[in-house]
Amino acid sequence: MRILGRTDFRGLAVMIVALLAVPAAAVAQTDEIQVYDGGIAERGVFNLTLHNNFTPVGLNARAFPGGLVPDKSFNGVSEWAYGVTDWFEAGLYLPLYSISKDRGATINGGKLRLLFTKPHAAEHTFFYAINFEFSYNAKHWDSRRFTSEIRPIIGFHLHPVDIIVNPILDNSYIGGFKALDFAPATRIAYNVSPKWALAVEEYADLGPLNHFFSESEQSHQIYGVIDHPNRFFNIEAGIGFGLTSASDKVTLKLILSRDLHSFKTTASHDARIR
């Protein structure tokens, strides 16, 4: 079976050119903990995703002067997405907020997202996509006011196993291409049934491309994750454990998502039943 066709190679070429065209990175704090799989909302459909992360045992050191303390902090963001075509989804993260022990409740900024994907990625054995995010940051959230993320997405649906890699590059527009920060994310999932999946995810921050951090300075977290779509929400819940001294020791994540048009349909259906 031929996995890579002419269209696949063209798509990969577009991804490589896009990466080379974008300037440069700094370590940023986390607002979402998720491995992207190239799936998007259907054309003309709005989708809402609620990202929620809590760090019961985290670092007490700030990532930069004036930054938030990760320990005992709660971070959340509402992600609004719209399916423009079967290969393009536009998104807006707003509001992005935290509740931390040193600053209390804060608004951290917002982001725009552009996701380009192989159409109907979930139906293909091999799939690919690329995601761009452009952020406006509060001073306590990132040392740079404007940052961006370049997230290539490469994976295989091997039924019942999924293998997905996001070799993320964070960009703070300083230092050129070699200064992009390499923060890869990986997911291996076993689909127990169409309604349940168990996954292991790994999130890392290795540092700038021109000089990776030492092993003790790198961040590595491994998560156990459960996915379960139901009538009301698609649920992704997990617990992560830090593997290095530069990582938060324990982090909990909960992601709730649904197509908003489906919510309206369900509400109308329930009203008719009553």
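Me: A strand here is a DSSP run of at least two residues, numbered from the N terminus. With that in hand, where does Pro 160 lie?

Reply: This is a predicted model, so keep that in mind throughout. Pro 160 is in the loop between strand E6 (146-157) and strand E7 (161-171). The overall count for the chain is two helices and 13 strands.

Me: Which peptide bonds are cis?

Reply: Check omega. From His 159 to Pro 160 the bond is cis, with omega near 15°. Another cis bond runs from Leu 94 to Pro 95, where omega is near -5°. Pro 95 sits in strand E3 (residues 88-100), whereas Pro 160 is in a loop.

Me: What about phi at His 159?

Reply: Phi there is positive, near 45°, and the residue isn't a glycine. His 159 belongs to the E6-E7 loop. It's exposed, at 61% relative accessible area. Lys 72 also has a positive phi, about 60°, without being a glycine. You'll find Lys 72 in the loop between strand E1 (46-57) and strand E2 (73-83), and its 43% relative accessibility makes it partly exposed.

Me: How should I read salt bridges, and how many are there?

Reply: The general idea is that side chains of opposite charge can pair when their charged atoms come close. Searching the whole structure turns up 13 salt bridges. Take Arg 62 and Asp 102, whose side chains meet at 2.7 Å, N to O. That pair links distant parts of the chain, 40 residues apart: Arg 62 from the E1-E2 loop, Asp 102 from the loop between E3 and strand E4 (104-117). Arg 62 is partly exposed at 42%, and Asp 102 is partly exposed at 31%.

Me: Where do Glu 133 and Lys 111 lie?

Reply: Glu 133 is in strand E5 (residues 126-137) and Lys 111 is in strand E4, 22 residues apart. Their side chains form a salt bridge at 3.0 Å, N to O. Glu 133 is buried at 1%, and Lys 111 is buried at 6%.

Me: Which residues are linked in a network?

Reply: Salt bridges connect Arg 187, Glu 201, Asp 227, Glu 236 and Lys 253.

Conventions:
Residues numbered from 1 in each chain as written. Predicted model: local features only at pLDDT ≥ 70, side-chain atom pairs only at ≥ 80, totals over all residues. Heavy atoms only, no water. Helix = DSSP H or I, 4+ residues; strand = E, 2+ residues; numbered from the N terminus. Buried < 20%, exposed > 50% of the residue type's maximum accessible area, 1.4 Å probe, protein only. Salt bridge = Lys/Arg side-chain N within 4 Å of Asp/Glu carboxyl O.
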